[in-house]
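Please examine the sequence and the model shown below. The paragraphs after them lead from the whole chain to individual sites.

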Amino acid sequence: MAVPGLTFDAFILLLHISSVANYPNGKVTKSCDGMIPQHGHTPLSDPAYRISVSQMTFRPGDQIKVTLSGLPFKGFLLEARDAEDLSGPPIGAFTLIDSQVSQLLTCEDIKGSAVSHTNPSKKTEIKVYWNAPSTAPNHIRFLVTVVQKYKIYWVKIPGPIISQPNALPFTTPEATIAPLSTSPPVSHLTKSFSASDCGNKKSCIRSPLNCDPEKEHACVFLSFTRDNQSVMVEMSGPSNGYLSFAFSHDRWMGDDDAYVCVREGETVHIQPAHLTGRSHPVMDSGDDLEDMAWRLVDGVMQCSFRRNITLPGVKNRFDLNTSYYIFLAAGAAGDGRIYKHFQQPLITNGKHDVTAAAEDIGGSHSPLVLKAHGALMFVAWMTTVSIGVLIARFFKPILSEAFFGEAAWFQIHRTLMLTTTALTCTAFALPFIYRGGWSWMRSRPLKRYNFVQYAGYHPYLGCIVTILAVLQPLLAAFRPPVYDPRRQMFNWTHWSMGAAARIIAVAAMFLGMDLSGLCLPGPWKTYAMIGFVAWHVGTEVVLEIHTYRLSRKGDFLKMPCYLELLSYKL
């Protein structure tokens, strides 16, 4: 029984970053300073939008109407700044005209000093009032960042300059506010990566184990090569969306240093990111990455970059000369965003220092403890319980001899059922040990690709099965004698609870097989499970028919312990 919120299940669900466009509710306070949506794209330089004002001069206390207009857009961030210091803090405060489409933000501890959108619906015009403060500088310039689509946006579009009546004319050239590219130069790789130096010159993580990206297109590959005070990273794998890896202090999402290669058309963008708690990854500036390169060939994405081992003063980047768990994942991407990985991320078996001696680093898409959970549940409910039921129902006459004071069939039945209970309780505890408790995250689909997160109904069915598995031997311990009037009630209760447990267990196993934490091959896992169930049902049907035919011939009535069989009939 897997617990909701499996390993790193939330790792890279959406490219949900601190930006204008990726906050559909417009809560973009983090972008107040630079006004830059960190989407991993270069902002456009020819604005398709304009700002107009109701008057060109102002005095402290004046209220000026400001209008943003242009083609339909989804998000925006509007501020007023000192025209002679556009990198300074926002000036004054705004008053809303239509609170349905715009909202006030608090930037630099100044309430209402910026205006943003309230929802991602398309709009063509925004109107607000700007209130001139008593300490306003001589010249004010309005700036706006507009997001038309995720990867189509303009940063700090300049608006008109308004001045106080007695101020000298403003002469600073407008070129000072021209938006700059946020992406370092990227080159193209000329050949595929090779695994020949893995374990000698570079540390490698590969899936399948020991695969070579130079020879196998299906090889998912990540390598680290130390070069003096930097590390060269190579990542390769079949993907039409994205490849990513992350350094983590533990096996869980949260406070991690991640790197993402995202495909857009025939281009690949390489971006660092960070994870805070169990929230979506936040994309960071790529200024700290050097020698970035990529390659797209036959559905295989390859990207590489160099990073200094230590980056003093840079937030969210880990020092690479420390041991970490390493996650490796791939998934779909569209319109510049990434979505939940198709497969459970590969996680290294232990912590590793990528600057230490080169090694082949092992990992798994499915933690051993979850594999053990599934295996124990399968043995319990597809093997021991089924054999125990068959023994009690059909083999009493054959195994009626006494064995340690009880009939042999009963000793076998009891041993198998107690084994089932022990296996079930052990398997039940494993996910809680692995996860450190119960995770209350609920199942929910992602809007675009309809992926289901977490474990759904599987853990709840597993809890019911475990409870029934514990109650069954307790109930059997207090069973009445064979000829007691209450024996029939016990028989039906014992049979009903057992049948219910078996049915629910099978349902739980079918649901559990599709969980990414087990990483079972599909659709063969389903076919194999159907085969096991069909075999058990078929066996019981055949034995039931055989028993019926014997009873019609009268042979069954001559068998020893027939009256006992009628009494138990379990």
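Predicted model: local features only at pLDDT ≥ 70, side-chain atom pairs only at ≥ 80, totals over all residues.

Residues are numbered from 1 along each chain as its sequence is written, and side-chain values use heavy atoms, with hydrogens and water left out.

The chain holds seven helices and 26 strands; helices (H or I, at least four residues) and strands (E, at least two) are DSSP runs, numbered from the N terminus. Of its 570 residues, 50% count as buried, where buried means under 20% relative accessible area, exposed over 50%, and partly exposed in between (1.4 Å probe, protein chains only). The chain exposes about 26900 Å², and 59% of this area is supplied by carbon and sulfur atoms; accessible areas come from the Shrake-Rupley method with a 1.4 Å probe, and for residues only the protein chains shown count as cover. Among contacts (heavy atoms within 4.5 Å) with a separation of 6 or more, residues 24 or more positions apart account for 65%.

Two packed helices are described by the angle between their axes and the distance between the axes. Here the axes of α1 (residues 368–394) and α5 (residues 524–553) come within 11 Å and cross at roughly 0 degrees. Therefore α1 is roughly parallel to α5. Axes are lines fitted to C-alpha atoms, for helices over the stretch in contact, and angles run from 0 to 180 degrees between N-to-C directions; angles under 35 degrees count as roughly parallel, over 145 as roughly antiparallel, 65 to 115 as roughly perpendicular and the rest as oblique. The residues making the contact include Phe 378, Met 382 and Leu 390 of α1, and Phe 532, Val 533 and Leu 543 of α5. By class, the residues of this contact divide into nine nonpolar, four polar and three charged. In this scheme Ala, Val, Leu, Ile, Met, Phe, Trp, Tyr, Cys and Pro count as nonpolar, Asp, Glu, Lys and Arg as charged, and the others, Gly among them, as polar.

Two buried residues come next. Asp 256 lies in strand β15 (residues 256–264) and is buried, with a relative accessible area of 1%. Its side chain is joined to that of Ser 248 by a polar contact of 2.9 Å. A polar contact is a pair of N or O atoms within 3.5 Å; within protein, one must be able to donate a hydrogen and the other to accept it, and residues adjacent in sequence count only if both atoms are side-chain atoms. Ser 239, in the loop between β13 (230–238) and β14 (242–248), is buried at 7% relative accessible area. A polar atom of the Ser 239 side chain lies 3.0 Å from the backbone nitrogen of Gly 241. Leaving aside residues up to four places away in sequence, Ser 239 touches Arg 263, Gly 299, Met 301 and Gly 331.

Backbone geometry is the last topic. Most residues other than glycine have a negative phi, and most peptide bonds are trans. Asp 109 is not a glycine, yet has a positive phi of about 65 degrees; Asp 109 lies in the loop between β5 (102–107) and β6 (110–117) and is exposed at 76%. Asp 291 also has a positive phi, of about 50 degrees, but is placed in strand β18 (residues 289–297). A cis peptide bond, with omega about 5 degrees, joins Ser 207 and Pro 208.
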